Amino acid sequence: MALRVVQWATGGVGVAAIKGVLEHPDLELVGCWVHSPGKAGKDVGEIIGTGRVGVTATDSVDEILALDADAVVYAPLLPNPDEVAALLRSGKNVVTPVGWVYPSERQSAPLREAALEGNATLHGTGIAPGGISEKFPLLFSAFSTGVTFVRAEEFSDLRTYEAPDVVRHVMGFGEVPDKALSGPMQKLLDGGFIQAVRMIVDKMGFDTDPKVRSSQEIAVATAPISSPIGTIEPGQVAGRKFHWEALAGGEPVVRVTVNWLMGEENLDPAWTFGPEGQRYEMEVRGNPDVTITVKGFQSEVGGVGPEYGIVGTAAHCVNSIPAVCAAEAGIATYLDLPLISGKAATRLG
Ligand SMILES: NC(=O)c1ccc[n+]([C@@H]2O[C@H](COP(=O)([O-])OP(=O)(O)OC[C@H]3O[C@@H](n4cnc5c(N)ncnc54)[C@H](OP(=O)(O)O)[C@@H]3O)[C@@H](O)[C@H]2O)c1
């Protein structure tokens with residue numbers, strides 16, 4: 001019997017997750033919640049740009065709560081813990097890229113309670129946080145002993161990110177440095193990335209300071225840079241780095257970094273991606289040292305096709321559904337779940 005799945009929100013991740021559910025041999029789409037009133041009442045196929053799917057989207061939370069379903073892929077713009085608690089209490093397992101990758105006891109207590117009440121499980125996943133920033137470095141660390149340092153790093157060209165309001169007003173690009181540095185981004189990112197660092201520290205047994213150190217750096221344009229938010233003028237923010245570090249004896253032993261650049265030219269400092277270009281990179285120093293480069297999640301500037309990092313995020317959610325449905329009630333992290341893989345294409349399975 002296929003597991004019955006609801007998609008919550010149909011943005012980039014939501015649309016890709018629906019396509020992923022439709023392609024997965026063990027899953028069946030039975031419901032879809034939308035935020036936009038214009039999408040409510042439509043067949044899901046119309047929303048994802050395919051033929052008829054036979055599931056009608058709704059903007060009614062109550063309708064979704066009343067549905068008989070095994071799991072919800074919860075992918076709205078911003079998390080609403082009350083919504084997640086209601087879904088769990090209604091007996092639905094929740095997989096999500098919007099948080100709870102490795103929540104502290106204090107952060108997760110109300111949701112754990114809701115999950116136990118509904119005999120359901122909550123699992124936070126994604127790419128970063130939720131994959132490259134903790135799960136995959138931990139997996140690769142199994143090839144080394146005597147580990148002294150673990151690093152996960154994203155190198156992305158933000159010119160492919162077509163969300164101009166978010167890029168300017170939330171991420172602070174095109175602003176003066178002081179405004180960007182005091183903007184919401186550090187706090188928004190801290191929640192997830194500190195959990196990622198903590199997961200590595202705890203699993204590997206590093207004896208670190210309890211506080212994960214967050215820091216940020218800025219590069220400004222030295223000449224006009226064209227970007228999806230318009231021209232970034234000299235002196236305005238055109239590159240940002242965020243770091244999260246766990247320290248032992250004052251030295252970082254785990255570091256997660258995000259490098260977001262509006263191209264590689266006319267920046268001060270003169271940051272570049274290096275010869276390997278856009279990528280995710282993971283490093284484990286030990287016996288032996290291991291470095292892993294992941295390409296393919298970032299689009300090329302001017303390229304066509306979807307944002308594959310979003311598709312990968314959705315796939316990571318979808319592929320985890322069977323394991324999450326089979327897990328004990330409560331909060332399940334990667335440290336609790338068995339190996340999660342993709343599934344063979346229908347024509348080969
Ligand atoms: N952990 C990771 O690695 C990772 C990676 C990618 C994304 N994410 C997160 O996943 C979430 C979804 O990303 P996305 O790329 O799909 O975003 P998106 O394209 O902006 O879509 C978000 C969807 O949320 C709904 N929405 C819009 N405004 C809303 C509001 N005020 N309240 C509730 N829902 C609202 C809309 O759904 P309808 O269109 O159905 O109305 C919208 O399409 C974001 O929180 C993002 O940060 C995490």
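This is a predicted model: local features need pLDDT of at least 70, side-chain atom pairs count only at pLDDT 80 or more; totals for chains, interfaces and linings use all residues.
Modeller: Residues are numbered from 1 along each chain as its sequence is written, and side-chain values use heavy atoms, with hydrogens and water left out.

Colleague: Why is Ala9 called buried?

Modeller: Buried means under 20% relative accessible area, exposed over 50%, and partly exposed in between, with a 1.4 Å probe and protein chains only. Ala9 has 8% relative accessibility and therefore counts as buried.

Colleague: What is the phi of Ala9, and where is Ala9 found?

Modeller: Phi is positive, about 85°, although Ala9 is not a glycine. Ala9 is in the loop between β1 (3-8) and α1 (12-23); helices (H or I, at least four residues) and strands (E, at least two) are DSSP runs numbered from the N terminus.

Colleague: What is the phi of Asn266?

Modeller: Asn266, also a residue other than glycine, has a positive phi near 60°. Its place is the loop between β11 (251-261) and β12.

Colleague: What is the omega of the cis peptide bond that joins Asp268 and Pro269?

Modeller: Omega is about -5° for this bond, and Pro269 lies in the loop between β12 (267-268) and β13 (279-287). The peptide bond from Ala128 to Pro129 is also cis, with omega near 0°; Pro129 belongs to the loop between β5 (121-124) and α6 (135-141).
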